[in-house]
Amino acid sequence: MRGDDAQDSAEDIADALAGTALSEITPELAAAYLDMVDEFEAAGEGYGWNDVELARRDFAAFVDDLRNESLGIGLPPEIVPQTTYVLLDREGRALGEIRFRPRLTLPFEQHNGHIGYNVRPRQRGKGHATRMLALVLGKASALGLERVMLPVRDENLASVRVIAKNGGVIERSGVELDGGEVVSLYWITL
Ligand SMILES: CC(C)(COP(=O)(O)OP(=O)(O)OC[C@H]1O[C@@H](n2cnc3c(N)ncnc32)[C@H](O)[C@@H]1OP(=O)(O)O)[C@@H](O)C(=O)NCCC(=O)NCCS
């Protein structure tokens, strides 16, 4: 799967990757973030990973919510803290989003795992998800985690590949979640 710049050379792609960095979401990123969300919606994928309705209405409130979610403030007892990052390129474009949950609790852990990510449709196939995951694995390791778990819907071969490129191995397939969805559980040792 390649994005809109399919004619880019391997060198261009390597250069673009090297110029990317993760950032937590701040008020200054409103235009870049909503531009990414627009691309998902225009592609018919929607954006179910964060409250983008709030982001459109009141980006400062969205940022506050994300900060509280990261600090574990005001969450129901069964919902674990989650930190959301975007991958920015040199021009300040938001290429993708990755969400990290350092602590998992049942019964939700198999639904979400430690980490979830998405790359904007026109930027796929350039290694951005692989890089985002590698950067968050560094954060997980720095926090003292020894391994992380990611559930994957079986048909999501691109995500399976991203996990494999970061050293992940399948632990169990055919795990049926509440609601009937079936996933495979992958673990990455840090
Ligand atoms: C999954 C997703 C994040 C991958 O992002 P990406 O930036 O394209 O990923 P990368 O470029 O780092 O790596 C993708 C790998 O999958 C491979 N791939 C892509 N489509 C594939 C397919 N249908 N079958 C097999 N491999 C596939 C690519 O060739 C690449 O592997 P390679 O480097 O060995 O060539 C992106 O497709 C996405 O956002 N999907 C929607 C959201 C989602 O499914 N998120 C994951 C679950 S939380």
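**Close-up 1. Buried residues of helix H4 in the predicted model**. Phe62, Val63, Leu66 and Glu69 are buried in H4. Viewed down the axis of H4, these buried residues fall within an arc of 125 degrees, so they line one face of the helix. That buried set packs against helix H3 (52-57) and strand E2 (83-88). Ala60, Ala61 and Leu71 are exposed, on the other side of H4. H4 covers residues 59-71, and its 13 residues should span 18 Å at 1.5 Å a residue. Its end C-alpha atoms lie 18 Å apart, which agrees. Glycine 72 follows H4 and has a positive phi, near 80 degrees.

**Close-up 2. Strands E1, E2 and E3**. E1 (residues 21-24) pairs with E2 in the antiparallel sense, over 4 bridges. Glutamate 24 has tyrosine 85 of E2 as its bridge partner. E2 is also joined to E3 (residues 94-100), by 6 bridges, and these two strands run antiparallel. Here threonine 84 has arginine 99 of E3 as its bridge partner. The hairpin of E2 and E3 has 5 residues between the strands. In this hairpin, glycine 92 takes a positive phi near 85 degrees.

**Close-up 3. The largest nonpolar core**. This core has 30 residues. Ile98, Ile115, Met132, Leu133 and Val136 have the most contacts inside it. Helix H6 (residues 128-142) gives the core its largest share, 5 residues. Valine 136 touches Ile98, Phe100 and Ile115, leaving aside residues up to four places away in sequence. In soluble globular proteins, nonpolar side chains tend to be buried together.

**Close-up 4. Helix H6 from end to end**. The 15 residues of H6 should span 21 Å at 1.5 Å a residue. The end C-alpha atoms of H6 are 21 Å apart, in agreement. His128, Ala129, Arg131, Met132, Leu133, Val136 and Leu137 are buried in this helix. Just after H6 comes glycine 144, with a positive phi of about 95 degrees.

**Close-up 5. The shell around the ligand**. The ligand is surrounded by 18 residues. The closest are Arg124, Ala129, Thr130, Leu157 and Arg161. Strand E4 (115-119), H6 and helix H7 (157-165) each supply at least two residues of the shell. H7 gives the most, with 5 residues.

**Close-up 6. Aspartate 35 and arginine 120**. Aspartate 35 has its place in helix H2 (residues 30-42). It counts as partly exposed because it has 13 C-beta neighbours inside 10 Å. Aspartate 35 and arginine 120 are 85 residues apart in sequence. In space, the C-alpha to C-alpha distance between them is 9.7 Å.

**Close-up 7. The hairpin of E6 and E7**. E6 (residues 169-176) is hardly covered. Among its 8 residues, the count of buried residues is 0. E6 and E7 (residues 182-189) run antiparallel and are joined by 5 bridges. Glutamate 176 stands opposite valine 182 in E7. Between the two strands of this hairpin there are 5 residues. Glycine 179, in the hairpin, takes a positive phi near 95 degrees.

Definitions and conventions:
Residues numbered from 1 in each chain as written. Predicted model: local features only at pLDDT ≥ 70, side-chain atom pairs only at ≥ 80, totals over all residues. Buried ≥ 20, exposed ≤ 12 C-beta atoms within 10 Å, placed from the backbone. Pairing = 2+ DSSP bridges. Core = buried A, V, L, I, M, F, W, Y, C linked by C-beta atoms within 7 Å. Contact = placed C-beta atoms within 7 Å. Expected span 1.5 Å × (residues − 1). Arc of directions from axis to C-beta. Near = placed C-beta within 6 Å.
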